[in-house]
Amino acid sequence: MESNKKLRLHAVARREQRAAYLFLIPALLGLSLITYLPLLAAFGIGFTDLRVAHFMPNNPPPLQFVGFKNFIDIFTNPSINILNSIKVTIYFALLAVVGSIVYSMFIAVLLNRKVPGRAFFRAIFYVPHILPAASVMISWYFLLLDNGVINYIISQFGFERVKFLDNIYTVMPTLALISVWTCGNLIVIFLAGLQNVPRVYHEAAEIDGANSWQRFWRITIPCMTPIIFYNLLMSLVINLQVVVPALAITKGGPGGPGQGATRFMSYSMYQIAFINGEFGRAGAVAFVFFVVAAVFAFILFATSKRWIFYQGDEKK
Amino acid sequence: MQENTRKGAPRVQYIKNKRRGAAAANVIAFIVILFLAAGAVFPLWWMLRSALMANTDIFLAPPPFFPKDWLWTNFILEPRTFDFWLYLGNTLTIVVPCVVFGTITAVFCGYAFARLRFRGKQFLFALCVGSMLLPTMVTLIPLYIVWSRLGLVDTYWPLILPYLCGGGAFNIFLVRQFMLTIPKELDEVASIDGAGYFRTLVSILVPNILPAIIVVALLIFITTWNDLLQQTIYINSPHKLTMATGLTQFMGSYKNDYSGMFAATCLSFLPGVIVYLIGQRYFVEGIVMTGMKN
């Protein structure tokens with residue numbers, strides 16, 4: 001009797017397990033074939049001299065294992081200079097992430113008040129996020145031209161016209177600003193988070209005589225830390241992969257070869273692989289890219305325990 | 001404060017002051033929002049305004065805020081320069097299968113993670129979440145090599161097939177999170193009534209998580225619609241160009257046809273905006289969902 005029941009339970013569990021694997025076939029295929037196997041392959045390719053010649057139908061050269069040559073190349077070859085790419089990518093990502101978080105939090109706090117037309121404004125701020133990134137870049141390119149409207153406004157105030165996208169000092173803040181403009185998804189998430197901050201906390205603090213500035217820093221921000229963490233992470237992952245501005249407009253410039261002010265890691269990889277046809281080297285860049293992204297994710301996760309405050313978390 | 005609470009009249013006065021202060025703050029907040037919103041909309045308005053103007057008027061100084069004549073005919077672009085309908089058709093050839101099958105498979109996988117027990121669940125889910133943090137750039141080159149070995153470069157398959165695998169980890173994650181909020185008793189009732197896993201999913205859970213499903217569909221729409229890099233890499237033939245690649249091509253070759261350029265850009269905005277307006281209500285709800293349950 002007892003063992004019979006156990007057997008039946010076992011059969012049910014097995015049936016459930018079989019169903020689960022069937023439902024997961026797409027995910028299993030995706031995770032293995034288009035995510036983790038290619039990840040390993042990318043590292044492998046980085047140690048070979050794979051280039052476009054290997055794909056020629058007529059007597060392709062034998063594929064050679066070259067050890068760390070590609071890795072040394074990308075750091076020492078002045079026309080690749082991956083250090084510059086790492087630097088500009090991190091610079092852009094930090095500007096864009098910090099800008100996006102501050103801007104979206106500011107707007108979310110304002111929209112969280114009793115203002116008329118809240119849904120309308122939320123939609124207004126969200127729309128730039130859903131526009132095609134290439135079109136967004138092209139639009140801003142025209143706005144920022146020498147004789148474009150933004151320079152006209154600047155000149156009306158008596159300032160000199162700025163070559164926003166052709167100057168190595170202004171190009172990055174400008175691109176980061178455009179990225180901030182498209183961060184409407186963060187606003188929506190922050191707004192929802194703000195509505196979940198318990199009112200009683202604010203009321204209690206108010207009775208204790210805290211002004212609204214103090215309440216924002218001592219109550220709103222701590223309650224929002226889990227959401228800030230989520231937004232930071234998502235924003236970081238997206239902005240480290242920045243490529244469209246370079247692809248659509250700046251082509252890695254301004255700045256000489258290997259010194260391009262917008263030669264982002266992903267753009268450098270695109271050029272090495274798909275313009276120069278050097279897949280081995282590009283694989284090495286991909287590996288470096290992976291390490292940079294992993295380091296940032298690690299820093300964020302490692303420090304998160306210290307500054308994230310979970311509600312209902314009693315131990316203090 | 002304490003004196004205020006003890007006596008009636010001063011307390012009323014205090015609350016009145018407080019309310020007046022809050023109302024004033026709301027007015028200020030509204031004005032600031034109005035300014036910021038104007039700033040956010042301005043680039044879009046400027047594109048539309050420029051698209052409706054004659055080529056010679058666009059860069060006049062001072063720049064007119066409204067077009068002198070509203071030249072809607074600018075939107076009728078020569079197919080030679082920007083073949084809107086061809087690009088739209090091509091892009092939809094990629095986007096529609098991605099959205100349909102990506103959404104379906106995301107629901108399947110999300111269901112397995114949310115409801116079913118199986119060996120290796122924790123591990124698989126960790127792999128799934130981990131792949132969200134992995135830059136897609138890293139896997140681009142091996143994938144390109146495989147696709148070119150298969151002879152599928154310059155076809156739409158490399159852009160479509162990856163989306164048939166659950167539509168990306170993020171979407172699987174989103175479906176799972178949403179399903180976890182649906183009480184488990186609902187599917188238990190169904191299974192007592194003799195419904196299998198598939199029946200339970202389709203007839204009980206899918207109707208309950210419809211907002212999440214719409215969000216997943218919209219997110220896949222937006223990512224596939226916007227994927228300039230992969231479309232640039234895989235598509236070469238002029239008659240296979242998509243909206244994004246067609247636009248960058250136009251940008252490169254017809255730099256002086258400004259009003260045409262602006263009109264083409266505005267047209268490329270349109271499908272996304274329409275899709276967003278249709279699903280707006282669900283969109284907000286679903287995005288909120290991803291951020292809340294972490």
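**A tour of two contacts**

Begin by selecting domain 1 of chain B, where 9 residues are in contact (heavy atoms within 4.5 Å) with 9 residues of domain 2 of chain B. This is a predicted model, in which local features need pLDDT of at least 70 and side-chain atom pairs count only at pLDDT 80 or more, while totals for chains, interfaces and linings use all residues. Residues are numbered from 1 along each chain as its sequence is written, chains are lettered from A and ligands numbered from 1 in the order in which they are written, and side-chain values use heavy atoms, leaving out hydrogens and water.

Next, select Met47(B), Ala51(B) and Asn55(B), which supply 58% of the area that domain 1 of chain B buries against domain 2 of chain B, more than any other three residues.

Now move to chain A and select helix H3 (residues 69-76) and helix H14 (residues 279-307), whose axes come within 9 Å and cross at roughly 75°. Helices here are DSSP runs (H or I, at least four residues), numbered from the N terminus, and axes are lines fitted to C-alpha atoms over the stretch in contact, with angles from 0 to 180 degrees between N-to-C directions. H3(A) and H14(A) are therefore roughly perpendicular to each other (65 to 115 degrees).

Notes
Helices (H or I, at least four residues) and strands (E, at least two) are DSSP runs, numbered from the N terminus. Angles under 35 degrees count as roughly parallel, over 145 as roughly antiparallel, 65 to 115 as roughly perpendicular and the rest as oblique. Buried area is the accessible area (1.4 Å probe) that two parts lose on being put together, summed over both.
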